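Reader: Could you take me through the terms used for this structure, and show me what each of them rests on?

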Amino acid sequence: MSDIKKQSEDELLEEVTSSEYKYGFTTDIESDTIPKGLSEEVVRTISAKKNEPEWMLEYRLNAYKAWLEMEEPNWANVSYKKPNYQDVIYYSAPKQKPVLDSLDDLDPEMKRTFDKLGISLEEQKRLANVAVDIVMDSVSVATSFKETLAEKGIIFCSISEAIQEHPELVKKYLGTVVPVRDNFFSALNSAVFSDGSFCYIPKGVQCPMELSTYFRINEAGTGQFERTLLIADEGSQVSYLEGCTAPMRDENQLHAAVVELIALDSADIKYSTVQNWYPGDKDGNGGVFNFVTKRGICHKNAKISWTQVETGSAVTWKYPSCILKGDNSIGEFFSVAVTNNKQQADTGTKMVHLGKNTKSTIIAKGISAGYSDGNYRGLVRIAKGATNSRNFSQCDSLLMGDKCGSHTFPYIEVKNNSSQVEHEATTSKIGEDQIFYCNQRGIGTEEAIALIVNGYCKDVLNQLPMEFAVEAQKLLEISLEGSVG
Amino acid sequence: MGLIDNLEKYAQHQNLSKDKRVMFDSFIKKGFPTTSDEEWKYTSLKKVVKSDYNLLLEHTEIENSVINKYSLGVEDKIVFVDGNLVYSPEIKGVHISGFSDFDCRNNDVISKLNSALAKSGFTIVVEKNTVVENPIEILFFNLTKNSFSQYRNRITVGENSEIKIIENIQDLSKSSTLVNHFTHVSCNKNTKVEYNKIQNNCKDSTLIDCMNIFQKQDSVCEVNTLIFGGDFTRNNLNFEQNGTNCESNMNGISLLDGNQFADNHTFVDHKTAHCRSNEMYKGIYLGKSKGVFNGKIMVRQDAQKIDAFQSNNNLLLSDNSTIDSKPQLEIYADDVKCSHGCTIGQLDNEALFYMRSRGVGISEAKAVLTYAFASEVIENLSIPELKNLSQRLLAHKLGVDLDFSL
């Protein structure tokens with residue numbers, strides 16, 4: 001990119017951000033970028049630009065040193081050209097899409113998708129970044145939401161802001177669930193994360209709205225190295241949704257996010273993800289690499305529930321996990337992973353049972369079409385002390401087309417003799433008789449498949465917050481469009 | 001010293017061919033697998049590799065009464081003592097001989113070691129259109145102290161033929177021994193092969209077993225693995241289906257106590273369409289025993305209309321027993337029915353209570369329920385002598401005096 005072009009883009013950025021973020025939380029918006037590559041200097045620069053305290057810089061440097069010693073993992077059943085980590089810009093201002101005058105300027109393909117998803121006109125404008133004043137309405141709603149949250153003592157802000165405003169909380173919890181040295185990508189993220197969300201729900205507070213609703217109104221721009229830290233104090237409850245059903249086109253090819261959830265005694269966290277990043281074209285060119293580390297820790301009687309609908313990204317490498325440390329804690333994982341064309345997904349969960357009477361449920365549904373490969377990789381570990389613990393896992397795969405693959409790699413490790421573990425997996429395709437049955441009754445083949453796929457995924461889609469469940473259903477239809485020969 | 005040193009020293013004095021030397025060198029370069037190797041993730045060879053073994057086997061004679069003591073009592077027996085073939089039966093249409101070298105494309109390091117150094121084993125060739133009525137029992141006895149023996153066996157079954165084999169490896173030296181056992185089975189068109197392994201060796205014995213089975217059109221092959229004894233057992237069982245309408249069946253029982261360890265590693269490669277595979281492994285763990293199951297089913301791209309079924313059920317009956325299970329499916333064809341199931345649990349307390357309230361003692365009640373759990377495998381054994389032995393061993397290990405043969 002030439003300097004002049006970059007400069008004008010930066011100006012545009014500043015213009016946009018200064019208006020868009022008037023009521024938002026993202027504080028210091030830097031319009032400058034730093035050179036490509038990763039070095040100690042770069043880590044120091046990032047920390048300095050964000051005006052971070054000494055301990056944060058220390059944390060980042062430690063992570064950077066750890067990262068240098070680590071090797072990029074290659075055990076996942078995916079193949080891709082390894083990114084050159086010295087060819088990435090590790091700090092840049094939040095990216096913004098150009099502002100459009102009206103919806104008519106929108107890429108017709110995009111518009112078609114919005115319509116199919118059934119997103120309201122107002123919201124379409126916001127998602128597509130159509131000029132700001134029209135969105136005023138939603139912004140004011142967002143502000144009132146923020147007030148409601150503040151009243152309850154809920155802290156909900158960007159992680160950079162949290163580092164400045166609530167250092168005691170960040171210091172106490174950051175890196176406790178996903179340690180710096182956990183894996184290659186978490187070390188990288190810890191060293192260079194630019195932003196992300198921070199959420200703290202005080203003792204006994206039930207978050208008055210689904211934070212998902214909040215995101216619908218005021219979606220936070222996801223960065224390349226996003227860091228999320230969510231703490232639910234004793235007896236509190238929260239539902240959080242990240243991502244969006246709308247297609248996300250992003251220039252960054254590599255995404256390495258880290259999400260840490262902390263559910264203290266009797267807390268309840270529900271974390272839902274809808275991921276629809278750019279999957280690359282039909283021949284597998286381009287597309288986002290999504291290498292995410294997500295993990296939650298459950299203290300006594302706490303519950304963490306992960307729900308994910310994964311339809312995008314060229315390569316997905318993601319295992320939302322629960323560490324069931326406290327007695328009577330519960331972990332859940334519900335997933336639908338769709339791969340089409342040349343997409344590859346290696347996803348699943350880890351349930352580590354440490355406390356007594358801990359329970360976990362895993363429902364994973366994979367759908368592979370085209371030339372894609374879908375993998376389920378999961379671990380259920382019952383430690384010696386996890387008396388009376390219980391796990392049920394079900395991972396089903398649906399194959400559409402004879403060139404795709406579906407694989408399951410469950411790991412089950414049990415060291416306690418009062419625990420019960422069940423695992424079952426099936427692989428099948430949509431029966432010709434089922435399609436015929438629908439055809440007979442006047443339902444076209446494409447619709448019939450959508451119907452069957454939705455039925456197949458129902459267990460998972462039902463777990464999503466209401467408004468997203470409907471969209472997610474439609475999203476599945478779109479993702480699988482044209483995959484039936 | 002340790003095993004690697006023993007092997008190097010031994011190999012120096014052997015007149016190895018160039019190929020074998022290359023194979024041995026590549027083994028030495030790689031060494032024994034460690035737990036960082038995905039296929040050996042839960043199985044540590046540390047203890048085995050650290051120990052010293054005697055690679056030069058003595059040549060001892062053995063009395064018939066000893067053979068009979070360990071034999072199942074079937075008529076046709078092949079007997080090995082310290083690596084020497086001492087007895088083989090005459091059966092019409094079956095040619096039995098000792099070790100004959102053969103090539104195998106195997107990437108597994110331990111199989112490579114076998115391939116480089118093994119000098120003992122059997123070769124069985126079954127002619128076309130031969131149905132061998134009686135099962136053949138193959139007994140391997142060892143009398144050398146701390147021995148490391150390697151066997152390399154080959155079975156070729158001609159078209160339209162049938163054969164049943166029982167294999168038993170028995171150590172009589174009362175010392176810690178290691179066996180590296182490799183068996184290659186070729187099942188030609190329309191053959192029926194049944195291979196039974198009784199693994200009831202003494203408590204210091206280590207066994208690493210690898211069995212590669214190649215199946216052609218319309219063949220049916222069944223392998224039953226019955227693990228009761230031994231200190232450390234690793235079974236690699238690989239099926240390759242190379243023709244339509246093949247059927248591969250695998251059944252296994254592991255009944256372990258004390259510090260026993262057993263690892264069943266199965267792999268079924270469905271390369272052609274219209275084939276089936278059934279897999280059922282049951283594990284019962286007492287004491288501080290540890291079990292590992294790794295079952296992999298691969299369905300290649302053009303292998304449509306495959307039915308593959310795999311189940312692994314485990315009973316943990318003591319506080320310190322452990323099970324690691326990894327059932328895997330790798331599927332590249334869409335018109336298939338594949339499933340796997342894995343359960344880990346305990347005996348049903350209500351069922352136990354039911355029996356106890358009717359005057360059945362706790363250990364008997366447990367034994368009956370455990371037998372019921374294992375019966376799916378044991379009841380389906382086709383050789384009556386083998387079934388009886390399994391029932392006796394089960395009762396013995398559970399410490400009850402019950403006769404399960406009804």
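**Pairing between and within chains**

Author: Strand β19 of chain A and strand β19 (residues 337-345) of chain B run antiparallel and are joined by 7 bridges. This is a predicted model, in which local features need pLDDT of at least 70 and side-chain atom pairs count only at pLDDT 80 or more, while totals for chains, interfaces and linings use all residues. Residues are numbered from 1 along each chain as its sequence is written, with chains lettered from A and ligands numbered from 1 in the order in which they are written.

Reader: What makes β19(A) and β19(B) a pair?

Author: Two strands pair if DSSP finds at least two bridges between them, and these two have 7 bridges, so they pair. Within β19(B), B:C342 is the bridge partner of A:H423.

Reader: Which residues count as being in the contact, and how many does each chain give?

Author: Residues are in contact if their C-beta atoms, placed from the backbone, lie within 7 Å; chain A gives 29 residues and chain B gives 30 residues. On the side of chain A, β17 (390-400), β18 (405-414) and β19 (420-429) each supply at least two residues.

Reader: Why is strand β6 (residues 148-157) of chain B called mostly covered?

Author: A residue is buried if 20 or more other C-beta atoms lie within 10 Å of its own, exposed if 12 or fewer, and partly exposed in between. In β6(B), 9 of its 10 residues are buried, so the strand is called mostly covered.

Reader: Which strands does β6(B) pair with?

Author: Strand β4 (residues 123-126) of chain B is joined to β6(B) by 4 bridges, running parallel, and B:V126 stands opposite B:V157. Strand β8 (residues 177-187) of chain B also pairs with β6(B) in the parallel sense, over 10 bridges, and there B:N180 is the bridge partner of B:Q150.

Terms used:
Two residues are in contact if their C-beta atoms, placed from the backbone, lie within 7 Å.
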